[in-house]
Amino acid sequence: MSNRSKTGSPDATAVPGFRYPRGGAERYGSPQPRPAGTQRTRPRTPRPVHGLATVDDGGTNYEDDWVRRVIVKFRDDVVPPEPPADVQDYVAALEDSSSLWTDLRLSFGVSAIERYTSLPAEEIAAATEAARANDASFEPPNFSNYFAVTVPSGISPEEVVARALGAEGVELAEIEPHFTDGSFPDGTNPRLANEGFLKPAPVGIDAPCAWAMPGGTGRGVQFIDVEQGWLFGHEDLAGANVGLVRGQNWTSSRPHGTSAMGIVVMQDNDLGGVGIAPACAARASGCRTSTGAYDLLGAILAASNALDRGDVMLVEQQALDGDNPGPVEVSDPIFAAIRTAVAKGVIVIEAGGNKGTDLDTWSHPTRGRVFNRADAAFRDSGAILVGACSSASPHRRLAFSPTGSRIDCCAWGENVDTASTDAGGATDVYTATFNGTSSASPIIAGVAIVTQAMVRQRVLLSLSPAEMRARLSDPRNGTRMAAGQPAIGVMPDIAKLVANVVLAYSTDDGVPQPLDNVAALAFLDAGHGGHQRSGQSTPHGVRGPAGTWEKDVNLALARATQARLGSRAALSREGDYNVSLRGRLEAARRSGASVYVGLHANSGQAGQRGAEVWVYGDGQRPAQAQSLKLAQTISEELGRIDGVVAPVRAGDIATLRPPQHRQGVAACIVEADYLSSPDGERRLRDPRALDQIGQAIATGVQRFLGGAGRAPDRPAPRRGAGERALQRR
Ligand SMILES: [Zn+2]
């Protein structure tokens, strides 16, 4: 298409001869000289608000006012890694390496160029660092490299894309999809009363089966819904205490978000209905910034930052207009944001959109068949993509549902009974006809939340995004569709998930059984660190006669142990800095590890030597069996080096108190040797000796987790005169 006019652009006709080739396939080599008579001035026109012109749109039909933008991404070598805070400074700086902005201004009258997300640089860095920490293979995209160019009215966005693609240093240019909420007014579908989607299979997902299980109401799992608006004060949501982690509450979208949130967390009270996971910790991340700009990228990364590994994010928007197929990840920056959250370990549920696209045959103009799992162009964000089926059983694909190999799961896309509101924000409104992939996706989010909660309740580990997707999209865990339906994924059946997944996680002996694709097995807490106290954690620890600091010994020992255990062992610190006891314990819980080992070096009378292993016990309460078993297994392994079994002692040690750890975690502290002794210090400075001690600890942990640890053959020593009443470590 080439239908641009130049009505909006006073400069556009003022530069005769300033022409670029059409098509944009070629590169131009060096930047074009700035045309005579033009200055590199910054546009002074106020930036238009993306979306609506006002914050309170006060209506429901804002779609006509959607401002068309083109997304431009520069190559990393073109853009400084630490961009100036002010985007206009940045744009000005970019003009030194690319003529694009000047060209767009002069040719098309483009005046508004913005960073694509307004999320602060620190928060972007937090999201990508968390992703990299969890997934070493993940290469973080440079999110500060994405820009949005507002296309003036009368100009064709395709032409802006073509021009941008031809400019020096540009890696990507594409039209921003029209992102919207995903449901639409109900048509002729028969209305089933009440929440049939909750019923046992084959009708629904069988939420009551989950509710009968420990954790099955979602307790202990965090959930964030990413969209535009909600009525948090709705009578059936208020008890869930939902708040925003980013953005604002967009008035016209309140019915949509209230309905989606209601499917997951409507409270178990005397009002309205009940959500699938009423006890989960629910929050919301708004795509609308304080200025009303639409920033889905920022909303997804902010949600990722607010969630932990194994928690659940719902991306409840769609990309609907033009050639867009429905899923928001069709847009490159949104794909990158979802991929970043998944790399961190967050489970992302993504609405497939209501465009009825066959995603196997649909082809992106530059990236090809990105949604076809069998195609070389396939790219996987890691999200669980959701289609929509009929409410009537046997379930059929609804005409608006996308189809194809990329669709993982489906659920009711019609007749969903949930909370809603009206233009005035009434708190007691419900709908029986919430629909689209917008009703299907929160149902799948609810299933993911309760499944995770039940698994965590049993084994203290979290299903990873890949594991969760594999389980929910496995036909063995779902309800069979009507014959001859195109691929719209699996409608999960919680009864089958409980039987095939949740109950497969053994809790025999109170020892969590490790599985593939799950969180860390062991958490290694190198005591002390840095130069300053952090909370109750002292920085240096014991000092040897030759000046060796305990904090350095502890870290070296943690690394030596990790080297033997592999990547499934998580460390409390990676360098010489201090972490508060609370921070260490939070990290231990978050890691999902079933074993906690604190690493320390001892101090005592002259000549005292040898290792000790400590468990929690305060005289009244005996040590917990699993912790004692872990300590004894490690002490046996340490004994193979020293020739004497290391004593296992009990004390009221702050980091070992049972309430600080998830239920069933085995926790102990290893005092590797006496740093206060010159011989002990020599040993703890010797890398080979540390490696030997680390190997012994690792072997003990492995034996314990493998179930081969010998049963306790002697009681835990009672707290005696020589033992510490209270230790803060
Ligand atoms: Zn210590």
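The structure is a predicted model, in which local features need pLDDT of at least 70 and side-chain atom pairs count only at pLDDT 80 or more, while totals for chains, interfaces and linings use all residues. Residues are numbered from 1 along each chain as its sequence is written.

Select alanine 201 and proline 202 to begin, and look at the peptide bond that joins them, which is cis with omega at about 5°. Proline 202 lies in the loop between strand β5 (179–180) and helix α5 (207–211); helices (H or I, at least four residues) and strands (E, at least two) are DSSP runs, numbered from the N terminus.

Stay in the loop between β5 and α5 and select aspartate 206, which is also placed there. Phi of aspartate 206 is near 65°, a positive value in a residue other than glycine. Is aspartate 206 buried or exposed? Aspartate 206 counts as buried because it has 22 C-beta neighbours inside 10 Å, where buried means 20 or more other C-beta atoms within 10 Å of the residue's own, exposed means 12 or fewer, partly exposed is in between, and C-beta atoms are placed from the backbone.

Next, select asparagine 241, in the loop between β6 (222–227) and β7 (244–246). This residue, not a glycine, has a positive phi near 50°, and asparagine 241 counts as exposed because 11 C-beta neighbours lie inside 10 Å.

Finish by selecting serine 393 and proline 394, which are joined by a cis peptide bond with omega at about 0°. Proline 394 is found in the loop that runs between β12 (384–389) and β13 (409–412).
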